[in-house]
Amino acid sequence: MFRLPTCPYCDTIYRYRDVRKNKKINKDELIECYHCSQNFKQSKRGYIIIFGIVAIIAVIINIIVLNISSNIFHSIIPVIIISLAAILIGFIFTPYFIKYKKVRKNKRNIDVRRITDK
């Protein structure tokens, strides 16, 4: 799961910059593959995983910093810096946790085509 997404039809690997640009598209909007021209959707379920990993690592590091420091007021600044760095790292690595999925054909549209063909 730690890789850039690929087109579900032709397995074209998308570059980091393209995934960041596509990330701004709504969940229901379609993305067209630049290689095979097929449409697909993006799944952002991986966000839960990346921010869960980052949060656990940040909490562990913050606990270690708090245990090492003797005065709690002197350790607040490192804790804030570590937390902000963790959030930044989470946003940097989000394209590696996005997946592209095939668009399901609407069964109703398929039935309408069969009726009109007869």
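Leu 66 is found in helix α2 (residues 46-68), helices being DSSP runs of H or I with at least four residues and strands runs of E with at least two, numbered from the N terminus. Leu 66 is partly exposed, with a relative accessible area of 39%; buried means under 20%, exposed over 50% and partly exposed in between, with a 1.4 Å probe and protein chains only. This is a predicted model, in which local features need pLDDT of at least 70 and side-chain atom pairs count only at pLDDT 80 or more, while totals for chains, interfaces and linings use all residues. Residues are numbered from 1 along each chain as its sequence is written, and side-chain values use heavy atoms, with hydrogens and water left out.

**Nonpolar patch**

- Leu 66 belongs to a nonpolar surface patch together with Ile 72, Phe 73, Ile 76, Ile 80, Leu 84, Ile 87 and Phe 91.
- Patch residues have over 30% relative accessible area and no salt bridge, and nonpolar side chains (Val, Leu, Ile, Met, Phe, Trp, Tyr) are joined within 5 Å, like charges within 9 Å.
- The accessible area of the patch is about 810 Å² together, by the Shrake-Rupley method with a 1.4 Å probe, where only the protein chains shown count as cover for residues.
- Helix α3 (residues 76-92) gives the largest share of the patch, five residues.

**Largest pocket**

- The largest pocket holds about 330 Å³ of space.
- A pocket is an open set of points on a 1 Å grid over the protein atoms alone, where a 1.4 Å probe fits, with protein on both sides within 12 Å along at least five of seven lines; lining residues have an atom within 4 Å of a point.
- Its volume is the space filled by probe spheres set on the points, which are joined across faces, edges and corners.
- The lining has one nonpolar, two polar and eight charged residues; Ala, Val, Leu, Ile, Met, Phe, Trp, Tyr, Cys and Pro count as nonpolar, Asp, Glu, Lys and Arg as charged, and the others, Gly among them, as polar.
- Strand β2 (39-43) gives the most to this lining, with three residues, and β3 (99-102) supplies at least two.

**Second largest pocket**

- The second largest pocket has a volume of about 160 Å³.
- Eleven residues line this pocket, and Arg 3, Pro 5, Thr 6, Ile 98 and Lys 99 lie nearest its centre.
- By class, eight of the lining residues are nonpolar, one is polar and two are charged.

**Salt bridge**

- The count is one salt bridge, defined as a side-chain nitrogen of Lys or Arg within 4 Å of a carboxyl oxygen of Asp or Glu.
- Arg 15 and Asp 18 form this bridge through their side chains (3.2 Å, N to O).
- Arg 15 is partly exposed at 49% relative accessible area, whereas Asp 18 is buried at 12%.
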